[in-house]
Amino acid sequence: MSDVKTNSHPIWAAAKAALPYSAPMLAGFLFLGVAYGIYMKALGFSFWYPVLMALLIYGGSVEFIIAGALSLAFAPLNALLITLMVSGRQLFYSISMLEKYGKSLGKKRPYLIATLVDESFSLNYMAKVPSHIDRGWYMFFVSFYLHMYWMIGAGLGNLFGNIIPFDLKGIEFAMTALFLVIFAENWAQEKSHESSLLGLAIAAISLIVFGREYFLLPTLIGIWTVLTFRRPKLSSRLERIEE
């Protein structure tokens, strides 16, 4: 069995290994994509609009905002500013992924960067790639599958949304649950919880100061600033713990 795994084509092997890893996200992505497709249909847009927007924008909540903007007067500057505010957190994701998404990935790198959303960041950042699997192709297919889940859901929602027999309300909590599980798993693996506790403290302070609607961006800026300046100290402390 190990010989079969080792001798299979590296791209095919990575595609097969990444599929079950991304599969838990299928339900959440399809449901949210369907909700987006239904929303686009309610606004009067045909099948190709949500599919192409899911393919080319691939920004989750940004796509809902842009859908509404398409129904209003043309205001590109407003759309740009709103998009930056909503998706600004991904700037911080990209900093965290500089090492994993390095130049060694070659032609796969632009696609990985373009599809860096909350879920692909979480899965690829925490991925434990088997030694016989090409890491670059593995991360590529994780991002690709998530991208396809979203696009397919958007198309299905637009085509068949009117006949879906169940309520989609509240399904977005699946994404929140995913991040809680990832945080718990990371906590269990940490040798020191200082970084995690700092992140929780900064988030709590930002929530109190800025309120529920505006705390996310200050939280990310605060975490990035504090951990950047404390990185040498934290690294030396982890080295002492490992010794």
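Rings of Phe, Tyr and Trp (its six-membered ring) are paired when their centres lie within 6.5 Å; planes under 30 degrees apart count as stacked, over 60 as edge-to-face, and the rest as tilted. By that criterion the structure holds 14 aromatic pairs.

The model is predicted, so local features require pLDDT of at least 70 and side-chain atom pairs pLDDT 80 or more, while totals for chains, interfaces and linings use all residues. Residues are numbered from 1 along each chain as its sequence is written, and side-chain values use heavy atoms, with hydrogens and water left out.

**Stop 1: helix H10**

Select residues 135-160, which form helix H10; helices are DSSP runs (H or I, at least four residues), numbered from the N terminus. Of the 26 residues, 19 are buried, where buried means under 20% relative accessible area, exposed over 50%, and partly exposed in between (1.4 Å probe, protein chains only). At the start of H10, a side-chain oxygen of Asp134 reaches to within 3.0 Å of the backbone nitrogen of Gly136; a polar contact is a pair of N or O atoms within 3.5 Å, and within protein one must be able to donate a hydrogen and the other to accept it, with residues adjacent in sequence counting only if both atoms are side-chain atoms.

**Stop 2: the aromatic residues of H10**

Next select Phe141 and Phe144, three residues apart in H10, about one turn of the helix. Their rings pair edge-to-face, 6.4 Å centre to centre with 90° between the planes. Phe141 is buried at 12% relative accessible area, whereas Phe144 is partly exposed at 29%. Lys108 lies over the face of Trp137, 4.7 Å from the ring centre; the criterion is NZ of Lys or CZ of Arg within 6 Å of the ring centre and within 35 degrees of the ring normal.

**Stop 3: the core**

A nonpolar core is a set of buried Ala, Val, Leu, Ile, Met, Phe, Trp, Tyr and Cys residues joined through side-chain atoms within 4.5 Å. The largest has 41 residues, and Phe29, Tyr138 and Trp150 are among those with the most contacts inside it. H10 provides the largest share, 12 residues.

**Stop 4: helix H9**

Finally, select residues 118-126: eight of the nine residues of H9 are buried, so this helix is largely enclosed by the rest of the structure.

Notes
Helices (H or I, at least four residues) and strands (E, at least two) are DSSP runs, numbered from the N terminus.
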